[in-house]
Amino acid sequence: LSRVVCVIPAKDEQDRIAATVAAAARLPGVQLVIVCDDGSKDSTASHAAAAGAIVVSHNRNRGKAAAVESGVNALGVLESRDDRPEVGALLLLDADLGESAANCVPLIKPVVSGEADLTIAVLPVQRMADGSVPGGFGLVMNTAARGIEELTGWTPRAPLSGQRCITRRAFELASPLAAGWGMEVGMTIDV
């Protein structure tokens, strides 16, 4: 497999970030894990570093898109400084995955093999303690899916999933990333 770098935006995730970093580092092809601590008030940065991640920190919360971009910018600095070959794929994972980040293996191969420029994880349906589906989320999910379909002709199954693998070139073409909650939708439309 070609070189993959995992970028994890994180805010106030000290309880789960170490497990997420450790699981991500064990994924096939992942050479490096970069965490951007996006203005956390807890010890997210030190927990991520102790787990083996390279940590970039924002002094204040700037949002998920800015954190992902800072992580990728840090990768560029490391490649230039250390004369490393350019990484061809970026694995973007949410900080709260914990050990379940190990389930992201299927995202990597289609991207590093050239079959796809972007893969998006389809997560199991989230359920409340009583077995019901959380209210309101379906509206946002359906609106995002409809917008992507109207603009691209393709209907995503998981338009808001933050677990993605993307070629470096596709990431560059999708940059700058949409701010706020639109990062995933904007990236999908751009790619």
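I began with the order of elements in the chain, which from the N terminus reads β-α-β-α-β-α-β-α-β-α-β-α-α. I noted 7 helices and 6 strands in the chain. The model I examined is a predicted one.

I then looked up the overall dimensions. The radius of gyration is 16 Å, close to the 16 Å that the globule rule gives for 191 residues, so the chain is as compact as a globular protein of that length. Along its principal axes, the C-alpha trace spans about 45 × 35 × 30 Å.

Next I turned to the sheet. I recorded 6 strands in an open sheet, ordered E3-E2-E1-E4-E6-E5, with mixed pairing. Strand E3 (54-58) and strand E5 (118-120) each have a single partner strand, so one side of each is left without a neighbour in the sheet. I found that neighbouring strands are turned by 20° against each other on average, direction ignored.

I examined one pairing in detail. Strand E2 (residues 30-38) and E3 run parallel and are joined by 5 bridges. Val 35 has Val 55 in E3 as its bridge partner.

I also checked two helices against the sheet. Helix H1 (residues 17-25) packs on the sheet and touches strand E1 (4-10) and E2, its direction making about 155° with that of E2. Helix H7 (residues 183-190) lies across strand E4 (89-92), E5 and strand E6 (164-167), and runs at about 40° to E6.

Buried residues make up 45% of the 191 residues. Of the contacts with a separation of 6 or more, 69% join residues 24 or more positions apart. The chain exposes about 9700 Å², of which carbon and sulfur atoms supply 52%.

Notes:
Residues numbered from 1 in each chain as written. Predicted model: local features only at pLDDT ≥ 70, side-chain atom pairs only at ≥ 80, totals over all residues. Heavy atoms only, no water. Pairing = 2+ DSSP bridges. Helix = DSSP H or I, 4+ residues; strand = E, 2+ residues; numbered from the N terminus. Axes fitted to C-alpha atoms, helices over the stretch in contact; angles between N-to-C directions. Contact = heavy atoms within 4.5 Å. Rg over C-alpha atoms; globule rule 2.2 N^0.38 Å. Buried < 20%, exposed > 50% of the residue type's maximum accessible area, 1.4 Å probe, protein only. Areas by Shrake-Rupley, 256 points an atom, 1.4 Å probe, with all protein chains shown as cover.
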